[in-house]
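Keep the sequence and the structure open while you read.

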Amino acid sequence: MNKEQIRAYIKVRTALNMQPKSIFDDLCTALRGQAPSYNTVVRWSKLCREGREEVEDEPRPGRPVIETTSDNIEKVRHLIDNDPYHTIDEIQVETGLSHGTTQRIVSDHLKLKKITTRWIPSQFTDSQRAECVRICQENLAKFNQGTWRLCDVVTGDESWFYHKQLGRKSSNAAWTASGKTPPTVVRRSHFAPKTLYCIFFKTTGPVLIHHVERGQTIDHDYYINNCLQPRVNEIKKQRPLSGTHAIKIHHDNARPHVHKDVSTYLESQGIMKMLQPPNSPDLAPCDFWLFDSIKQNLTDQRSSVSLHRAVTKVMFSINEDEYKKTFAKWIVRMKLCVYNHGNYFEHLMK
């Protein structure tokens with residue numbers, strides 16, 4: 001028995017002045033427990049007693065579902081293609097559809113979901129994308145051929161570290177009872193105490209952790225005397241037999257790093273420079289891993305001296321395997337850059 005037959009059955013039995021409970025028992029027996037609910041039988045018995053003749057549902061208020069037509073779907077698709085930042089409310093106003101229909105078309109028919117726009121450092125030109133691919137391919141070829149080894153690469157960069165830590169938005173989220181005022185976090189002042197660090201590391205761990213004194217500017221001379229020379233000395237100390245043989249230095253394209261005096265000094269020490277694609281923090285281990293890892297594990301510090309101790313402690317507390325994994329991920333990232341034709345590839349990371 002279908003739904004309409006069941007309602008007709010209830011109507012006939014009600015006309016015979018049977019009680020809803022008896023009708024319900026009969027239906028359960030006839031349909032072996034698949035009868036409509038007792039409340040449904042009571043409702044229809046009442047309607048039949050009141051003279052209801054039809055068993056079809058009466059029209060209900062509200063818009064019909066016929067709004068979800070192929071024309072309306074294409075209309076919504078066209079709006080989103082022209083401006084992917086449209087909100088549901090804006091699409092509703094422009095199309096004249098209901099909010100529910102608009103939402104249903106976007107999610108069920110177009111299979112779309114809204115994702116926060118990705119931040120990228122800069123918009124690449126065709127030539128810049130080609131340069132990124134070329135550099136990554138050259139680096140990968142040398143590693144694949146065995147000409148270079150990851151354990152011989154020393155990478156590093158500079159970054160500011162604040163003395164007072166605010167954490168990320170997610171770490172500042174707090175459970176708040178209904179009606180209660182949520183806790184607040186004061187925006188960090190532009191003049192908040194901070195210290196500039198120059199940090200270098202390799203697959204086995206830290207090589208250099210240098211903090212720049214307040215007011216000091218890093219030019220090529222400062223970079224050579226206070227960053228490169230101590231780094232070279234540390235490498236020679238760690239490798240008493242081979243020294244700087246086969247060592248590759250990796251840093252970004254900041255002006256002090258690419259100065260001719262810096263290149264001359266590295267050549268005099270027998271150190272080769274590993275090329276870094278321009279405007280590509282996603283291809284620099286300090287940017288895509290180390291600096292964030294350190295800052296997430298820092299606590300508030302009262303001075304640059306205590307901050308230096310804290311940064312050093314965090315770096316040496318990182319397991320050596322994590323350093324090795326980062327270099328392995330670096331290779332994966334270079335491959336993704338090539339695969340994505342030089343575009344930013346963070347959205348491809350698993």
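## His211 and its partners

A polar contact of 3.4 Å links the side chain of His211 to that of Glu213. The model behind this value is predicted. His211 also makes a side-chain polar contact with His308, at 3.2 Å. The residue belongs to strand β3. Is His211 buried or exposed? With a relative accessibility of 19%, His211 counts as buried, because the cut-off for buried is under 20%.

Which residues touch His211, leaving aside neighbours within four places in sequence? They are Thr195, Leu196, Tyr197, Tyr222 and His308.

## Strands β2 and β3

Tyr197 stands opposite His211 in β3. The two residues are 14 apart along the chain, yet their C-alpha atoms are separated by 4.3 Å. The strands around them, β2 and β3, pair in the antiparallel sense over 7 bridges. A hairpin of 2 residues joins β2 to β3.

Strand β3 spans residues 205–212. It is mostly covered, with 8 of its 8 residues buried. In a regular strand, side chains alternate between the two faces of the sheet.

## The aromatic cluster

A search of the whole structure finds 9 aromatic pairs. One of them is Phe201 with Phe327. This pair is edge-to-face, 5.7 Å centre to centre, with 75 degrees between the planes. It links distant parts of the chain. Phe201 sits in strand β2 (residues 194–202), and Phe327 sits in helix α13 (residues 320–339). They are 126 residues apart. Both Phe201 and Phe327 are buried.

Phe327 also pairs with Trp330. Here too the geometry is edge-to-face, at 5.7 Å centre to centre and 65 degrees between the planes. Why are Phe327 and Trp330 separated by about one helical turn? Because they are 3 residues apart in helix α13. Trp330 is buried, as is Phe327. One aromatic cluster takes in Phe201, Trp289, Tyr323, Phe327 and Trp330.

## Arg333 and a charge over a ring

Helix α13 also holds Arg333. Arg333 counts as buried, at 7% relative accessibility. Where does its charged end sit? It sits over the ring of Phe288, 4.1 Å from the centre. The side chain of Arg333 also makes a polar contact of 2.7 Å with the side chain of Glu346.

Not counting residues up to four places away in sequence, Arg333 touches Asp282, Leu283, Phe288, Phe345, Glu346 and Met349. Another charge sits over a ring at Trp160. There the charged end belongs to Lys194, 4.7 Å from the ring centre.

## His251 in its loop

His251 lies in the loop between β4 (248–250) and α9 (255–258). It is buried, with a relative accessible area of 0%. Which side chain makes a polar contact with the side chain of His251? That of Tyr223 does, at 2.6 Å.

His251 touches Gly156, Phe200, Tyr223, His257, Val262, Lys273 and Gln276. That list does not count residues up to four places away in sequence.

## Helix α5

Helix α5 covers residues 88–95. Which of its residues are buried? They are Ile88, Ile91 and Thr95. Seen down the axis of α5, these buried residues fall within an arc of 65 degrees, so they line one face of the helix.

The buried residues of α5 pack against α4 (70–82) and α6 (99–109). Gly96 follows α5, and its phi is positive, near 80 degrees.

## The whole chain

The protein chain has 13 helices and 5 strands. Of its 350 residues, 39% count as buried. Take the contacts between residues at least 6 apart in sequence: 68% of them join residues at least 24 apart.

How values were computed
Residues are numbered from 1 along each chain as its sequence is written. This is a predicted model: local features need pLDDT of at least 70, side-chain atom pairs count only at pLDDT 80 or more; totals for chains, interfaces and linings use all residues. Side-chain values use heavy atoms; hydrogens and water are left out. Rings of Phe, Tyr and Trp (its six-membered ring) pair if their centres lie within 6.5 Å; planes under 30 degrees apart count as stacked, over 60 as edge-to-face and the rest as tilted. Helices (H or I, at least four residues) and strands (E, at least two) are DSSP runs, numbered from the N terminus. Buried means under 20% relative accessible area, exposed over 50%, partly exposed in between (1.4 Å probe, protein chains only). A charge sits over a ring if NZ of Lys or CZ of Arg is within 6 Å of the ring centre and within 35 degrees of the ring normal. The arc is that of the directions from the helix axis to the C-beta atoms. Contact means heavy atoms within 4.5 Å. A polar contact is a pair of N or O atoms within 3.5 Å; within protein, one must be able to donate a hydrogen and the other to accept it, and residues adjacent in sequence count only if both atoms are side-chain atoms. Two strands pair if DSSP finds at least two bridges between them.
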